[in-house]
Amino acid sequence: MFGAAPVRGAPPDVITMDVGDEPGRVSTEEVRIEDGPFARQLVFFRSNEAPGTLVISTADRFIYLVLGNSRALRYGIGVGREGFQWSGLVKVTRKAEWPDWTPPPEMIERQPYLPRFMAGGPGNPMGARAMYLGSTVYRIHGTNQPETIGQAVSSGCFRLANGDVIDLYSRVDVGAKVIIRQAAQL
């Protein structure tokens, strides 16, 4: 299991996820999830939303790009950990290739070892592409930790493997509607 480590002082069958941000860890833009439940795939997706809309299901760990005709492209994502999950309706307000990363003050307070600024590139935790969500500090972005896809480990952003975020980035326009849902809609 990626990122699984025994807890010191705990029985050997107890594990914890120790997955922090890893500035400087290199992951190339070719990395993508190729098999398993989080692999990019065309799926049946009933929706009244216009093609080009993004629907994020944090509970299921998927982002759907609505294509119309009850179809969507589904990508596996990493989501916010406990206490950093959110929902809402926003738009993609900006896009960037190999974005710079400036952790917000709240993140630095929680994780003082983080750099105050990191230029974009393969060692940057923001990954190969980023789509900025409304006026929030949150983004849909790549990651230099593709093993975290399907997990709740971020500070509220939505992360994809670099190859998958490059594909999604090429299909999404600035101004696209983004719906973030916490629980399944009945």
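**Strand β4 and its partners**

Let me start with β4 (54–57) and β5 (62–68), which run antiparallel and are joined by four bridges, where strands are DSSP runs of E of at least two residues, helices are runs of H or I of at least four, and both are numbered from the N terminus; two strands pair if DSSP finds at least two bridges between them. Please keep in mind that this is a predicted model, in which local features need pLDDT of at least 70, side-chain atom pairs count only at pLDDT 80 or more, and totals for chains, interfaces and linings use all residues. Residues are numbered from 1 along each chain as its sequence is written, and side-chain values use heavy atoms, with hydrogens and water left out.

Within this pairing, I56 has I63 of β5 as its bridge partner, and the two strands form a hairpin with four residues between them, where R61 in the turn has a positive phi of about 70 degrees. Most residues other than glycine have a negative phi.

β4 also pairs with β13 (residues 177–181), this time in the parallel sense over four bridges, and there V55 stands opposite I179. As for the side chains, L54 and I56 point one way from β4 while V55 and S57 point the other way, and all are buried, meaning under 20% relative accessible area, with exposed over 50% and partly exposed in between, for a 1.4 Å probe and protein chains only.

Finally, P37 lies in the loop between β2 (15–17) and β3 (41–44) and counts as exposed because its relative accessible area is 53%. Leaving aside neighbours within four places in sequence, P37 is in contact (heavy atoms within 4.5 Å) with F62 and R74.
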